Amino acid sequence: MNTSLLNKLETLGYYTLPPRHENCVGHTGLLILLRRQPPMQAVAFNPQTIHMRLLDWDGKAHWTTFKATSPFPMSRVVCPGLITIRDQAGQEARFFVFGGSLEARDEAPGEKVYSLRSSAPVLELTSEKTTVTDQLALQMETLFARLRETWNMDDEVFWHHLTKVYPFHLFVASAQEMLTRYEGQPELHAHPLQQALYHALKHEKSWLQETGQWPDPVPTLADLK
């Protein structure tokens with residue numbers, strides 16, 4: 001890792017990697033710095049733990065919490081859903097992912113950098129839940145609950161299955177499902193945040209089509225079972 005990026009991490013605690021294009025709904029990845037000892041200088045945020053659902057060694061999807069001292073011998077598969085970063089004061093930074101991979105490496109004595117990468121946008125959330133990305137994450141949680149019921153899977157089997165879905169395909173199928181629902185229910189546009197999400201997803205779809213990345217045919221959520 002270059003010195004400039006490591007310096008940013010040491011001050012900010014975490015760093016979102018650049019989006020794929022202007023006005024993208026999310027980022028290409030996330031870097032998080034965990035320290036064994038408190039920093040000598042003042043920092044904006046000093047992460048202590050990372051909490052997320054991962055595909056574990058036993059082939060099951062488990063909620064897992066990492067600290068600076070946690071062993072991390074190889075890349076791990078990240079399950080779709082929430083990621084929560086907490087500092088020593090209990091403050092949180094929250095993200096939503098459609099899946100991806102997680103790696104970790106020691107960058108300096110007593111410092112470990114966790115690197116999350118995904119083929120789908122990594123959504124940065126707010127505590128107020130008033131942004132397009134917050135709304136998208138909430139809608140995804142609703143979609144997951146509906147899928148689990150439709151597929152008639154217990155919790156463990158459902159999350160294990162989602163880890164096998166390519167994150168980009170999950171994002172595209174979900175985005176198309178939401179766009180279809182918005183287009184079939186005009187009353188949803190009465191809410192400014194819902195309308196903003198609709199336009200954000202339309203913009204994302206247009207960019208993917210223009211760059212030849214939007215699949216044809218588009219996979220549906222039912223296809224992902």
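Reply: Helices (H or I, at least four residues) and strands (E, at least two) are DSSP runs, numbered from the N terminus. This is a predicted model, in which local features need pLDDT of at least 70, side-chain atom pairs count only at pLDDT 80 or more, and totals for chains, interfaces and linings use all residues. Residues are numbered from 1 along each chain as its sequence is written, and side-chain values use heavy atoms, with hydrogens and water left out.

Me: Which residues of α3 are buried?
Reply: F158, W159, H161, L162 and T163. The helix covers residues 155–163.

Me: And what covers them?
Reply: The cover includes β3, β4 (61–66), β5 and α2.

Me: Take β3, then. Is R53 buried or exposed?
Reply: R53 lies in β3. R53 is buried, at a relative accessible area of 10%.

Me: What is R53 in contact with?
Reply: Contact means heavy atoms within 4.5 Å. Neighbours within four places in sequence aside, R53 touches A61, H62, W63, V78, C79, D155 and W159. W159 is also among the buried residues of α3.

Me: Which strand does β3 pair with?
Reply: Strands pair if DSSP finds at least two bridges between them. β3 (residues 47–55) pairs with β6 in the antiparallel sense, over four bridges. H51 stands opposite T84 there.

Me: How many residues of β6 are buried?
Reply: Five of the seven, so β6 (residues 81–87) is largely enclosed by the rest of the structure.

Me: What's on the β7 side?
Reply: Six bridges join β6 to β7 (residues 92–97), again antiparallel. T84 faces R94 in β7. The two strands form a hairpin with four residues between them. In that turn, G90 has a positive phi of about 90 degrees.

Me: Where is L125?
Reply: In the loop between β9 and α2 (132–151). L125 is buried, with a relative accessible area of 11%. Apart from neighbours within four places in sequence, L125 contacts L82, R94, F95, F96, T133, D134 and A137. I83 is 42 residues from L125 in sequence, and the C-alpha to C-alpha distance is 9.8 Å.

Me: How is β8 joined to its partners?
Reply: Three bridges join β8 (residues 100–108) to β5 (residues 76–78), running antiparallel. V78 has G100 as its bridge partner. Seven bridges join β8 to β9 (residues 111–124), also antiparallel. R105 stands opposite V113 in β9.

Me: What about the turn between β8 and β9?
Reply: That hairpin has two residues between the strands. G110 takes a positive phi near 80 degrees.

Me: Switching to α4 and α5. At what angle do they cross?
Reply: Roughly 130 degrees, with the axes of α4 (residues 167–184) and α5 (residues 192–210) coming within 10 Å. That makes α4 oblique to α5. Axes are lines fitted to C-alpha atoms, for helices over the stretch in contact, and angles run from 0 to 180 degrees between N-to-C directions. Under 35 degrees counts as roughly parallel, over 145 as roughly antiparallel, 65 to 115 as roughly perpendicular, and the rest as oblique.

Me: Which residues make the contact?
Reply: From α4, they are F168, F171, A175, Q176, M178, L179, Y182 and E183. From α5, they are Q194, L197, Y198, L201, K202, E204, K205 and L208.

Definitions and conventions
Buried < 20%, exposed > 50% of the residue type's maximum accessible area, 1.4 Å probe, protein only.
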